[in-house]
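Please open the structure in a viewer and keep the sequence beside it.

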Amino acid sequence: MKFSRLIASILCTFLFGTVVFAQNDTRRFQPVISIGTGLFVQNPLASENGLSTSVSAGLDVRLSEAWSVMPRVASRNVSQWDAFASKEGGDPDMYGLVDFSLSLRYHSIDNWVIGLGPYYCRAINRDAYYIDADPWDILNDKPKIKKNGFGIQPSVENNVGKHWTFGLMADICHTDMRQYYEWQTGTYASKHVSSFEFFVGFRF
């Protein structure tokens, strides 16, 4: 619960600050909030994919008529499909992350915007192993993923009217976030915690 309050505080503070800051020059600075949902891809070669949802706030800073940069902070939650299947004995992965990104954006004359930039993610819910078949397994209660990850964030969106925007965004994690332990042997599937989402945004 305290993590939820922390993320809500970060998003509210960031949004309030950008709205106030943007009042000084509404042509150059435009706050944006958005919500998204889509596919969580942990490892394309393993059956570890699922659902991704997010809420974010950003500030679009215009450099020229065609170019802008956007810092953005997002709260992202991802869950394997098995989390919704109520399987006995299962241990589906469910993570909560905070993403910080900075995108360079190109604005076309027909209201399309293409963005690309790096992002850093901080895992605030790393999930923990629960192996009910062996309550004494050494992995029980150990975090499944690392705290930090890095990746690239491409996006494409279309501005509709004065305030609305619709588009697709991907958080492609380059870091293998699986938490490895020194006593483990053998080969394990990597965990890249990537998301591909459709989003709806509101521009102030």
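**Before starting**

This is a predicted model, in which local features need pLDDT of at least 70 and side-chain atom pairs count only at pLDDT 80 or more, while totals for chains, interfaces and linings use all residues. Residues are numbered from 1 along each chain as its sequence is written, and side-chain values use heavy atoms, with hydrogens and water left out.

**Stop 1: the whole chain**

Display the protein chain as a cartoon. It contains 1 helix and 8 strands; here helices (H or I, at least four residues) and strands (E, at least two) are DSSP runs, numbered from the N terminus. Followed from the N terminus, the order of elements is α-β-β-β-β-β-β-β-β.

Next, display the surface. The chain exposes about 11300 Å², of which carbon and sulfur atoms supply 64%; accessible areas come from the Shrake-Rupley method with a 1.4 Å probe, and for residues only the protein chains shown count as cover. Of the 204 residues, 41% count as buried. Buried means under 20% relative accessible area, exposed over 50%, and partly exposed in between (1.4 Å probe, protein chains only).

Contacts (heavy atoms within 4.5 Å) also describe the chain as a whole. Among contacts with a separation of 6 or more, 63% are between residues 24 or more positions apart.

**Stop 2: the largest nonpolar core**

Select Phe40, Val78, Tyr95, Leu97, Tyr119, Cys121, Ala123, Ile145, Cys173, Met177 and Val193, the 11 residues of the largest nonpolar core. Such a core is a set of buried Ala, Val, Leu, Ile, Met, Phe, Trp, Tyr and Cys residues joined through side-chain atoms within 4.5 Å. Which elements give two or more residues to this core? They are strand 4 and strand 5, and strand 5 gives the most, with 3 residues. In soluble globular proteins, nonpolar side chains tend to be buried together.

**Stop 3: two cysteines**

Cys121 is buried at 0% relative accessible area, and Cys173 is buried at 4%.

**Stop 4: Ser194**

Select Ser194, which is in strand 8. Is this residue buried or exposed? Ser194 counts as buried because its relative accessibility is 6%. Apart from neighbours within four places in sequence, Ser194 is in contact with Leu39, Phe40, Val41, Arg76, Asp171, Ile172 and Cys173.

**Stop 5: a network of salt bridges**

Select Asp91, Asp93, Asp127, Lys144 and Lys191, which are linked in a network of salt bridges. A salt bridge is a side-chain nitrogen of Lys or Arg within 4 Å of a carboxyl oxygen of Asp or Glu. The whole structure has 8 salt bridges.

- Asp91 and Lys144 meet with N to O at 3.2 Å. Asp91 is in the loop between strand 3 (67–80) and strand 4 and Lys144 in the loop between strand 5 and strand 6, so this pair ties together parts 53 residues apart in sequence. Asp91 is partly exposed at 27%, whereas Lys144 is buried at 1%.
- Lys144 also forms a salt bridge with Asp93, with the closest N and O atoms 2.7 Å apart.
- Asp93 in turn forms a salt bridge with Lys191, at 2.8 Å between the closest N and O atoms. Lys191 lies in the loop between strand 7 and strand 8 (194–203), 98 residues from Asp93. Both Asp93 and Lys191 are buried.

**Stop 6**

Finally, select Leu63, Trp67, Leu104, Tyr106, Trp112, Ile114, Val156, Val160, Trp164, Phe166, Leu168 and Phe198, which make a nonpolar surface patch of about 1100 Å². Patches are made of residues with over 30% relative accessible area and no salt bridge, like charges being joined within 9 Å and nonpolar side chains (Val, Leu, Ile, Met, Phe, Trp, Tyr) within 5 Å. Strand 4 (94–107), strand 5 (112–125), strand 6 (148–160) and strand 7 (164–173) each supply at least two residues. Strand 7 gives the most, with 3 residues. Val160, in strand 6, counts as partly exposed at 40% relative accessibility.
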